[in-house]
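Subject: Structure handover

Dear colleague,

Please find the structure below. My notes on it follow.

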Amino acid sequence: MWRSRFLRGAGCLLQGTGCIPCKPSHLPLWRYLSFYQPCLSPVLQHSFRAPTWYCFENRLKPAVALYFCRTLRKDAKSIIDFPAQPLTVTDIKQYLRSKDIPFHDGYSCLHAPSIFMEPAPEGSGKENYSLFIDKTTGQFLCKDTLVEGSWEDLQDCIEVMFNENQTSISPNVLLGFPESMEEQEEREMDMKEVQRIWSSSLPFSDLLDEEVQLIKTMFQIGKLTNATLKKFGVRFFKPTKSLVFPWFSGHDSGLRGVKLLSAAVKSDGKVVYTEATVPKISSYHNLFGLPLIGRKDGEVVLTGREIDSMAVSQATSLPSLALPRGVSCLPPILLPYLEQFKKVTLWLGGDMRSWEASKIFSRKLGLKRCSLIRPGDFQPCPSEALTQGRNLARIVKASIPAAHKSIVSFKQLREDVYGELANVEQVAGIQWSRFPELNRILKGHRKGELTVFTGPTGSGKTTFISEFALDLCMQGVNTLWGSFEINNVRLAKIMLTQFAKQRLEENLDQYDMWADKFEDLPLYFMTFHGQQNIKTVLDTMQHAVYLYDISHVIIDNLQFMMGQENLSVDKFAVQDHIIGAFRKFATNSCCHVTLIIHPRKEEDDKELQTASIFGTAKASQEADNVLILQEKKLVTCPGRRSLQVAKNRFDGDVGIFPLEFNKASLTFSAPVKGKQKLRKVKVDKNNSTEEIEETELKEKSEKAPKPAKAKTSKTVKGSAALKNTTDGEDNDQ
């Protein structure tokens, strides 16, 4: 972080000048330099212009200088680290009380007077509680100055303010070191691109009536009036034939970004809509429609799309906002802008994925003030409801409260049950694009489930599960990787190769192109490596779910969770405790957890079964799905691999299908050419996988008209498999 780099640099400079700063008692050693007043006061009081060069008075040699500039806070792109002692709201309150800073409780934030503005005169009654502190993470935002940062940043500012006997502190106190000049240039180019698009786009009032009608038909917004489009500032960008949705700042109504919605017609006649944002959505947050919100508004409708937000506003006259990432994520930095509302109605869409997101987001916003609109035939997404002529005000009024008691009756569950019956495909979960056989057996990837995955040592468990997770991540499933066996660099290299489906070592000129695309995926990594405490890992997972709305966590693997701190404790009891903790986390957080567990040491000629999973039977009992990577050992060449679904709690279907490893792309999803794919079967306990395979191959051979050619084909395939796998290495990492 910028703070640690700044303090380390300042420490070296102070040692060279002979200054001996005093360490405040409440701070650890690595942070005390930020409060050394004689040296840092000129820096804190100076009004910086970025970029500028500044020397600490005359205490430094002329050749020594520091480069300062004001930088925007960016959320962690891919690495998630968590402090040893998680911050609690009690810690935040105790610190504020110790500094005599008034505050009051909000729904998801603490409200306090901003320390970045001069306080109002005493007795004026105009105390402005514009500083919002997240109760879960401590991250703060001043709505008046748009200064934001971590809890440690806020503590630093408060300490400096009190040590200098000031009533406020300049926002310029938060300085940062840019990671590179390229990053700064990229940010400037993004803002220039935003201004170029905005200035080149045309308001609907400047377009011909025929053009307006054609555009509305193309984007299915025929029911939206020109007055509504003008109210929200929507324009049309002719070069790409896109709608332009502006993101304005709630502070000064300055333009901070744009989203472009384009429409394209496929060969089959279907219209496909694509979105593009400038700057990139991964490092930028805002709410569409924010400048239209009044200070006294107490109710708001949250939608997942800009068109839906305009439809709600036009039909109900209620304040309406659109989330920047739709149903995939509600960034915590947006919560302060929603604190003023006593009632928040979430109408994110008309499908089951939107319904699940509504229930998850309501936990962040506060269950007691949230109401949800359940999808159904008579309650589609707002834009469709407007097109169908439905009464949107009545739908909003009929929303159900998000909070519920611990005991419910079937009357309360009736609509949920009907929703699952009426939306079978959506309830089944996200479909894999690289593993269609998994879709036929597991039906899909669902939130709140626990999957146990095992396989022989050296069979390629890590390589397979990385592609398994990458497939889902490419479809918008926010993914968190906890790799304790291999470091994140090697894991990212494997996934990037699988993403590009080629050896990038041989095509380094394409690296930047694929890396840019890979960087846009909602993929995050834990920084742990080696044995870790289960509580620390669970705290990190919970932290990631809150910040990034993670819906899939991969733990590779369970054995590294157990540790060897106390050898006298029964290792099976420890393992059962850890599995139970992951099961509880998956259920309570509505997050899918994939847990890799090594099998017991079995003989090479025996196939693995559910009972082969290391430990007691708790792993297979608690799991919703059990996947086994089977490897049939051969004498003359490396074995053949197949994936067996040994347990499926969703609908009970189990089965097995072959896999073929492609060394060049490190993928298992390559089509198995010339082989009979294994059918989905109900595996009998008395029948092994080998017997099922032999039976199907026998049926295939009986239908073959020319056994000689089949034999030749088998020989060719065997030699090809030998050539393809002899070059390989241990894929299990």
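How many disulfides does a search of the whole structure find? The count is 0, a disulfide being a pair of cysteine sulfur atoms within 2.5 Å. Cys590 is in no disulfide, and the nearest cysteine sulfur, that of Cys591, is 8.2 Å away.

The model is predicted, so local features need pLDDT of at least 70 and side-chain atom pairs count only at pLDDT 80 or more, while totals for chains, interfaces and linings use all residues. Residues are numbered from 1 along each chain as its sequence is written, and side-chain values use heavy atoms, with hydrogens and water left out.

Backbone

Two peptide bonds to look at are cis: Val278 to Pro279, with omega near -5°, and Asp556 to Asn557, with omega about 5°. Pro279 lies in the loop between strand 13 (271-278) and strand 14 (299-303); Asn557 is in the loop between strand 22 (552-556) and helix 19 (559-562). Helices (H or I, at least four residues) and strands (E, at least two) are DSSP runs, numbered from the N terminus.

Lys501 is not a glycine but has a positive phi of about 60°. Asp549, also not a glycine, has a positive phi of about 50°. Most residues other than glycine have a negative phi, and most peptide bonds are trans. Lys501 sits in the loop between helix 16 (488-500) and helix 17 and is exposed, at 51% relative accessible area. Asp549 is in the loop between helix 18 (534-548) and strand 22 and counts as buried, at 7%. Buried means under 20% relative accessible area, exposed over 50%, and partly exposed in between (1.4 Å probe, protein chains only).

Surface patches

Glu186, Asp512, Asp516 and Glu519 form a negative patch. Helix 17 (residues 511-519) gives the most to this patch, with 3 residues; Asp516 lies in helix 17 and is partly exposed, at 41%. A nonpolar patch of about 390 Å² is made by Phe410, Leu413, Val417 and Leu421. Phe410 lies in helix 12 (residues 410-422) and is exposed, at 53%.

Patch residues have over 30% relative accessible area and no salt bridge; like charges are joined within 9 Å, and nonpolar side chains (Val, Leu, Ile, Met, Phe, Trp, Tyr) within 5 Å. A salt bridge is a side-chain nitrogen of Lys or Arg within 4 Å of a carboxyl oxygen of Asp or Glu. Areas come from the Shrake-Rupley method with a 1.4 Å probe. Asp and Glu count as negative, with the charge placed at CG of Asp or CD of Glu.

Regards
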